Amino acid sequence: MRVVRPKAALLLALALLGAPLPARAEPAKAEPARAEGTLAQVKARGHLVCGVSPGVAGFSVPDGQGRWTGLDVDFCRALAAAIFDDPEAVRFIPQSSAARFTALQSGEIDVLARNTTWTLSRDTAAMNFPAITFYDGQGFLVRKSLDITQVRQLDRATICLQQGTTTELNLADWFRTRGLTQSVVTFANSEQTLGAYESGRCDAYSTDQSSLYGERLKTAHPDEHVILSEAISKEPFAPGVRQGDDQWRDIVAWTHYAMLDAEEAGIRQDNIAQMRREALSPDVKRILGLEGAYGARLGLTADWAARIVRHVGNYGDSFARNLGDATPLKIPRGLNALWNQGGLQYGPPIR
Ligand SMILES: N[C@@H](CCC(=O)N[C@@H](CS)C(=O)NCC(=O)O)C(=O)O
């Protein structure tokens, strides 16, 4: 493992936080560690190492036995399925908001799948974001008793949020540009942030709306809290990879696109065997690897996408299992519906 030089690490941290860089500093483009050949390293090791959030309901949560589930976890399992035909060939390493980028840059993890927002500073500082796996926005959790329906009613309020996040930056911008004020109290993790909010230290808890669904359910009386419908930012979540490894970047991008294309073609975890037998359309044949040699272009087998659907499911399967109506979260598909169903999720063609 290569150690990131202290100066580069500092500049990197500043850029990732969106803080102004010291005068005349180059953009904090830290030299990537072991940028090339991630697929070969993963194969040689025999498993993928995936950085995830320590615990965001529906995205990545370990159970009592240490088994991880969630949309981000499924994404890592999908990668492992494509590479090893084994969704269990993954080691999950929880990452704090502050440490996540250094973990990727230093080579501790192969991919970061951690409710992480794609921004220009992050993209140019340390990593690439191959595909948007979840479209979100920043929201607010407030006590119903405050009778607040709009964010601007939080003028002069105290707001709890987590350090090292886009949340912190967006909030300051949004209030300032509207001539409103707030005081912010920041914490190192979501447990502390929620604890402070619940204890009455803050009037509101702000983070990505998708996280607030689970955070509300963790309170002692979820019915006493409401998530405001308004979102004050764009939070496109994307897996992160190190810069400089095009093959790995393609594999990560096309893992997501395969899950979308499978959903669009009606190939699900529960019907893939039948779809394979009947494979009528050329689209389905290409996704299942029965026609063309698309997997080889990624350094994978012909059935790479079929492995993903067989072991993990298509994007809709994963969304329903982790976030949908059958779960306690009940997060609507919204922007994450397929493009032909009113959403933004759009898989380029496999051909
Ligand atoms: N999407 C935002 C926020 C991501 C983030 O770190 N969210 C917090 C608040 S829910 C989180 O994941 N916390 C988990 C933890 O600390 O255990 C970003 O990329 O900066």
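How many residues surround the ligand, and which are the closest? In this predicted model, 19 residues surround the ligand, and the closest are Ser97, Thr117, Thr165, Asn189 and Ser211. Two elements give two or more residues to this shell, namely α6, residues 166-177, and β11, residues 204-208.

I turn now to a helix pair. Two packed helices are described by the angle between their axes and the distance between the axes. Here, helix α3, residues 71-84, packs with helix α9, residues 246-264, at an angle of about 100°, and their axes are 10 Å apart. An angle from 65 to 115 degrees counts as roughly perpendicular, and therefore α3 is roughly perpendicular to α9. Which residues meet in this contact? From α3 there are Phe75, Ala78, Leu79 and Ala82, and from α9 there are Val252, Thr255 and Met259. Of the residues in the contact of α3 with α9, 6 are nonpolar, 1 is polar and none is charged.

Let me close with the chain as a whole. Its secondary structure comes to 14 helices and 14 strands. The chain has 351 residues, of which 46% count as buried. Among contacts in the chain with a separation of 6 or more, 72% are accounted for by residues 24 or more positions apart. Thank you for your attention.

Key
Residues are numbered from 1 along each chain as its sequence is written. This is a predicted model: local features need pLDDT of at least 70, side-chain atom pairs count only at pLDDT 80 or more; totals for chains, interfaces and linings use all residues. Axes are lines fitted to C-alpha atoms, for helices over the stretch in contact, and angles run from 0 to 180 degrees between N-to-C directions. Helices (H or I, at least four residues) and strands (E, at least two) are DSSP runs, numbered from the N terminus. Angles under 35 degrees count as roughly parallel, over 145 as roughly antiparallel, 65 to 115 as roughly perpendicular and the rest as oblique. Two residues are in contact if their C-beta atoms, placed from the backbone, lie within 7 Å. Ala, Val, Leu, Ile, Met, Phe, Trp, Tyr, Cys and Pro count as nonpolar, Asp, Glu, Lys and Arg as charged, and the others, Gly among them, as polar. A residue is near a molecule or strand if its C-beta atom, placed from the backbone, lies within 6 Å of it. A residue is buried if 20 or more other C-beta atoms lie within 10 Å of its own, exposed if 12 or fewer, and partly exposed in between; C-beta atoms are placed from the backbone.
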